[in-house]
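Thanks for coming. I have one structure to go through today, and I will keep to what can be read off it.

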Amino acid sequence: MSQQEKAARRAALRNEYWRTMTNPHNHLRGESGGVFDTGLARFQAMRVNHFEHFKPTGRSFKIGLFTVVIPIIVYAKMMKYERDQREHQYRTGQVSYADRRFKFI
């Protein structure tokens, strides 16, 4: 498609859009001034129906595993290690009661 054909098509679509958006009689047909975009409607329908047609694969399993499960496990282990270290310091007397964090809870 040449540049001139693209420009002519773009101008025709723009003119049709403005004609339908600025038509004062749209409310009589129940359209409420909006333009029904078939491409946008197809895109939204595709987004809604995506999960109905989802097929689990190895790739989707890996994506879920590496983006959800493994970060949660790693964070939990790091938090457990840090708390155990802090608890060990508290119980052995390395940190005085006045210097402890969260001493009022």
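Is Arg86 buried or exposed? Keep in mind that this is a predicted model. Arg86 has a relative accessibility of 18%, so it counts as buried, the cut-off being under 20%.

Let me step back to the whole chain before coming back to that residue. The secondary structure amounts to three helices and zero strands, and from the N terminus the order reads α-α-α. The chain has 105 residues, of which 4% count as buried.

Now back to Arg86, which sits in helix 3. Neighbours within four places in sequence set aside, Arg86 has contacts with Arg101 and Phe102. Arg86 also has a salt bridge to Glu82, at 2.8 Å from N to O. Both of these residues are in helix 3, four residues apart, or about one turn of the helix. Glu82 is partly exposed, at 35% relative accessible area.

How many salt bridges are there in total? The count is three. A second one joins the side chains of Asp84 and Lys80, at 3.1 Å from N to O. Asp84 and Lys80 are again four residues apart within helix 3, and Asp84 is partly exposed at 38%. Then there is Glu87 with Arg91, where the closest N and O atoms are 2.6 Å apart. This pair also lies in helix 3 with a spacing of four residues. Glu87 is partly exposed at 35%, whereas Arg91 is exposed at 69%.

Next, Tyr90. Helix 3 covers residues 58-92, and Tyr90 is part of it. With a relative accessible area of 16%, Tyr90 is buried. What does Tyr90 touch, leaving aside neighbours within four places in sequence? Its contacts are Val95, Arg100 and Arg101. For Tyr90 and Arg100, the separation is 10 residues in sequence and 7.8 Å in space, C-alpha to C-alpha. Arg101, then, is a contact of Tyr90 and also of Arg86.

Last item, the surface. A nonpolar patch there is formed by Phe66, Val68, Val69, Ile70, Ile72, Ile73, Val74 and Met78, and together they have about 720 Å² of accessible area. One of them, Val69, is in helix 3 and is partly exposed, with a relative accessible area of 37%.

That is what I have; I will take questions now.

Note on methods:
Residues are numbered from 1 along each chain as its sequence is written. This is a predicted model: local features need pLDDT of at least 70, side-chain atom pairs count only at pLDDT 80 or more; totals for chains, interfaces and linings use all residues. Side-chain values use heavy atoms; hydrogens and water are left out. Helices (H or I, at least four residues) and strands (E, at least two) are DSSP runs, numbered from the N terminus. Buried means under 20% relative accessible area, exposed over 50%, partly exposed in between (1.4 Å probe, protein chains only). Contact means heavy atoms within 4.5 Å. Patches are made of residues with over 30% relative accessible area and no salt bridge: like charges are joined within 9 Å, nonpolar side chains (Val, Leu, Ile, Met, Phe, Trp, Tyr) within 5 Å. Accessible areas come from the Shrake-Rupley method with a 1.4 Å probe; for residues, only the protein chains shown count as cover. A salt bridge is a side-chain nitrogen of Lys or Arg within 4 Å of a carboxyl oxygen of Asp or Glu.
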